[in-house]
Amino acid sequence: MPQPQLAQDTDGAAPGAVQTYIQVDRLSKRYDKATVLNEVCFDIRQGEFICFLGPSGCGKTTLLMCLAGLEQATSGMVYRHGAPFLTLPPSQRDIGIVFQSYALFPNLTVEQNIRFGVENLRKPKIEIQKITAELIDLLSLSGHERKYPNQLSGGQQQRVALARALAISPSLLLLDEPLSALDAQVRIRLRSELRDLQARLGITTIMVTHDQEEAQSLADRIVLMNQGRIEQIGTPWDIYNNPKTRFVADFIGTANLFDGRITAPGIAEAEGLRMFGASGMLASGSPVTLLIRPEDISVSAQKTQTSQLSALIRKIEYLGATLRLHMASDTGKSLVADLRKQQAGDIQLQTGARLWLSIPPDAMKILPS
């Protein structure tokens, strides 16, 4: 069976060319004196999967609602293929949207829910039947066509909501934390299915989430937000390995953050650690933060030539393939190290034991304080 043609062609672009699809220019949203979005700027490429990520209250859902037309921006502009977008009513924005609650009609069957949006477009009955059948097959809903939402599992309801959004063949798909109400195992399985579906259809997708693991597994790029501003935009790899601010380093993954200073041109020191290659733009005495990820720390029971710190084990977490050691350095600084099972086998690990820590110089990163 041919797949439904849900992604629209780029406007005259050369085959294989990547077009800028959405441009957000200094978008702001205020409620009385509270600023929820503060001059947000970014671009989205055609066919990209973008995740808006950040803590509760950072403005990510408000940003999505402004794009959907369900909230009105206070100032700023959004363009689609260079044409103003915010002036269009929601019904003319060519979007599909899936809410956190799914918002299925309880009195309609699965098939009727999927048909609802496309029926409002007054398409021929045969075309509606074809689109509905293709989506039921595509989203593994066969056998559930005549069931009502309360007869479905959470994962099945999510698929129905997604099918209903896709039935109108939108060029932009907006997802407002669609997996947050599901249990962990179902959520992991469905996010894999969602990413495969998006890649297969090539539809430009924006998803709001507060779950960093979800964003890292799904997104081509992450828009990481904090207090109404964008802290950093980048691939999951870049944001984890090259954070630009202390907030980004602390929010994505687990981070050991050490407060220190530039002690000489190109040299930073913190908690007894010394890093060479710090930015020459930072003057001596400038405060900095030294970032070290837990997986970059090597531990040994005896002091070695490469040992830089010693610490006492406070707690051990067993995380399947890894062990997470919560430790305290001699200065009282809390830090975390992750060991693979093979590494842990050679060391006697127990609460209260002293370990010696080594960190490769290229694993340390300097962040301005």
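Reader: Which helices each supply at least two residues of the lining of the largest cavity?
Author: Those are α4 (154-166) and α5 (184-201); helices here are DSSP runs of H or I with at least four residues, strands are E runs of at least two, and both are numbered from the N terminus. Before we go on, this is a predicted model, so local features need pLDDT of at least 70 and side-chain atom pairs count only at pLDDT 80 or more, while totals for chains, interfaces and linings use all residues. Residues are numbered from 1 along each chain as its sequence is written, and side-chain values use heavy atoms, leaving out hydrogens and water.

Reader: Thanks! Which helix gives the most to that lining?
Author: α5 does, with 4 residues.

Reader: How many of the lining residues are nonpolar, polar or charged?
Author: There are 7 nonpolar, 2 polar and no charged.

Reader: And how much space lies in the largest cavity?
Author: About 40 Å³. A cavity is a set of points on a 1 Å grid over the protein atoms alone where a 1.4 Å probe fits but cannot get out, and lining residues have an atom within 4 Å of a point.

Reader: Switching to rings, how many aromatic pairs are there?
Author: The structure holds 3. In one of them, the ring centres of F42 and F52 are 5.6 Å apart and the planes are at 80°, so that pair is edge-to-face. Rings of Phe, Tyr and Trp (its six-membered ring) pair if their centres lie within 6.5 Å, with planes under 30 degrees apart stacked, over 60 edge-to-face and the rest tilted.

Reader: Where do F42 and F52 lie?
Author: F42 is in strand β2 (residues 34-45) and F52 in strand β3 (residues 49-53), so the pair ties together parts 10 residues apart in sequence.

Reader: Is F42 buried or exposed?
Author: Buried, at 6% relative accessible area, and F52 is buried too, at 0%. Buried means under 20%, exposed over 50% and partly exposed in between (1.4 Å probe, protein chains only).

Reader: What about F247 and F251?
Author: Their centres are 5.6 Å apart with planes at 20°, so they are stacked. Both sit in helix α8 (residues 246-251), 4 residues apart, about one turn of the helix. F247 is partly exposed at 23%, whereas F251 is buried at 18%.

Definitions and conventions
On a 1 Å grid over the protein atoms alone, a cavity is a set of points where a 1.4 Å probe fits but cannot get out, and a pocket is an open set with protein on both sides within 12 Å along at least five of seven lines; lining residues have an atom within 4 Å of a point. Grid points are joined across faces, edges and corners, and a volume is the space filled by probe spheres set on the points. Ala, Val, Leu, Ile, Met, Phe, Trp, Tyr, Cys and Pro count as nonpolar, Asp, Glu, Lys and Arg as charged, and the others, Gly among them, as polar.
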